[in-house]
Amino acid sequence: MTKKPMLLITRDMPPAVEARALSSYDARLNRDDKIYDFDGLIAAAEGADGLLICSSEPMTREVFARLPESVKIVACFTAGYDHVDLAAAKARGIVVTHAPDALTDAVADLTLLLLLGAARRAGEGEAVMRSGGWSDIHLLYMTGSEIGGKRLGILGMGRIGRAVAKRARAFGLEIQYHNRSRLDAELEAGAVWHDKAESLLECADFLSLHCPSNEQSRNFLNSENIARLPEGAIVINTARGDVVDDDALVAALESGRLRAAGLDVYRGEPDNIHPGYARLANTFLLPHIGSATVETRSGMGLQALDNLDAFFAGTPPPNRLA
Ligand code: 8YV
């Protein structure tokens with residue numbers, strides 16, 4: 001029997017993923033789920049042929065420089081790969097893959113949850129019910145924003161953006177989007193394309209961010225771009241926290257220039273998030289759970305394993321980044 005490749009799995013995995021990894025690999029697990037620090041990761045990778053990592057492991061230039069010679073592939077459990085220095089991986093000849101397919105519907109569902117929650121003040125309502133309930137009905141009590149008939153601006157019309165558009169149409173939202181290139185008519189499904197992000201902002205009653213985090217998108221939602229949004233617009237972010245300038249967003253929410261925000265991702269998450277968000281009543285906040293369904297988290301891990309299996313079988317991994 002040929003020796004199974006040795007795989008370091010950095011985090012505790014969904015059961016189906018762990019079972020498959022154990023049958024195909026000599027798998028080094030992390031059932032305690034304690035996040036490896038730099039030295040711990042390098043030590044744990046000793047002798048490994050491949051790594052299955054999450055966003056909790058920043059794969060920096062320094063990490064790639066120190067990874068043992070034995071490591072030939074790093075498979076990300078995630079769709080996003082802003083935590084991986086692809087150039088450094090390439091320089092070491094290490095293959096990198098990601099898992100972009102399984103999370104589309106889960107993240108799109110959560111985007112609508114944030115949109116509805118922010119528009120209808122669900123966080124405030126929850127807090128009222130958990131602290132004794134309400135005492136009297138009056139007609140202006142907790143009035144939110146109607147959704148139907150408004151314009152939803154989608155920045156980044158990839159798989160997730162399009163899945164959001166599909167759901168949003170059912171709520172009567174008119175879809176506007178900005179993407180580097182215009183989609184073909186079938187994928188566009190009636191949505192209005194803007195060749196410039198600036199013109200999208202001007203007509204977005206709701207703005208939903210679905211772009212990757214990179215040099216171009218970092219701090220995209222700064223005070224200048226917030227000023228382009230209609231008065232009382234609502235911002236939704238399920239992409240990455242660093243696409244937003246937190247000081248600018250908090251100030252606009254505080255002043256009422258923006259009506260509300262629904263956020264699942266944060267710069268500095270999980271332990272160094274801008275304190276303004278939790279202080280404000282007009283934020284609806286979730287702890288980066290866009291992909292957190294049982295089905296999706298399993299699907300993401302299985303896709304990471306598909307990439308590893310292909311690599312170790314000597315065939316091209318389907319979701320190769322480097
Ligand atoms: C999470 C994600 O990071 O895949 C991505 O890019 O942002 C999410 O699915 C998840 O917590 C896995 O680490």
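## Close-up views of salt bridges and a surface patch

D101 is partly exposed, with a relative accessible area of 39% (buried means under 20%, exposed over 50%, partly exposed in between; 1.4 Å probe, protein chains only). The model is predicted: local features need pLDDT of at least 70, side-chain atom pairs count only at pLDDT 80 or more, and totals for chains, interfaces and linings use all residues. Residues are numbered from 1 along each chain as its sequence is written, and side-chain values use heavy atoms, with hydrogens and water left out.

**View A. Salt bridge between R159 and D101.** The closest N and O atoms of this pair are 2.4 Å apart (a salt bridge is a side-chain nitrogen of Lys or Arg within 4 Å of a carboxyl oxygen of Asp or Glu). R159 belongs to helix α7 (residues 159-170), while D101 sits in the loop between β5 (95-97) and α5 (104-119), so that distant parts of the chain, 58 residues apart, are linked. Helices (H or I, at least four residues) and strands (E, at least two) are DSSP runs, numbered from the N terminus. R159 is partly exposed, at 43% relative accessible area.

**View B. Salt bridge between D33 and R11.** The N to O distance between the two side chains is 2.8 Å. Because D33 is in the loop between β2 (26-28) and α2 (38-44) and R11 in the loop between β1 (6-9) and α1 (15-24), the pair ties together parts that are 22 residues apart in sequence. R11 is buried, with a relative accessible area of 17%, whereas D33 is partly exposed at 30%.

**View C. Salt bridge between R257 and E231.** The side chains meet at 3.8 Å, N to O. R257 lies in the loop between α11 (246-255) and β11 (258-263) and E231 in the loop between α10 (223-226) and β10 (233-237), so the contact joins parts 26 residues apart in sequence. E231 counts as exposed, at 63% relative accessibility.

**View D. Salt-bridge network of R20, D306 and D309.** These residues are linked by salt bridges. The whole structure has 20 salt bridges.

**View E. Nonpolar surface patch of M129, W134, I137, L139 and Y141.** Together these residues have about 620 Å² of accessible area (Shrake-Rupley method, 1.4 Å probe; for residues, only the protein chains shown count as cover). Patches are made of residues with over 30% relative accessible area and no salt bridge, like charges being joined within 9 Å and nonpolar side chains (Val, Leu, Ile, Met, Phe, Trp, Tyr) within 5 Å. I137 is in the loop between α6 (122-130) and β6 (151-155) and is exposed, with a relative accessible area of 65%.
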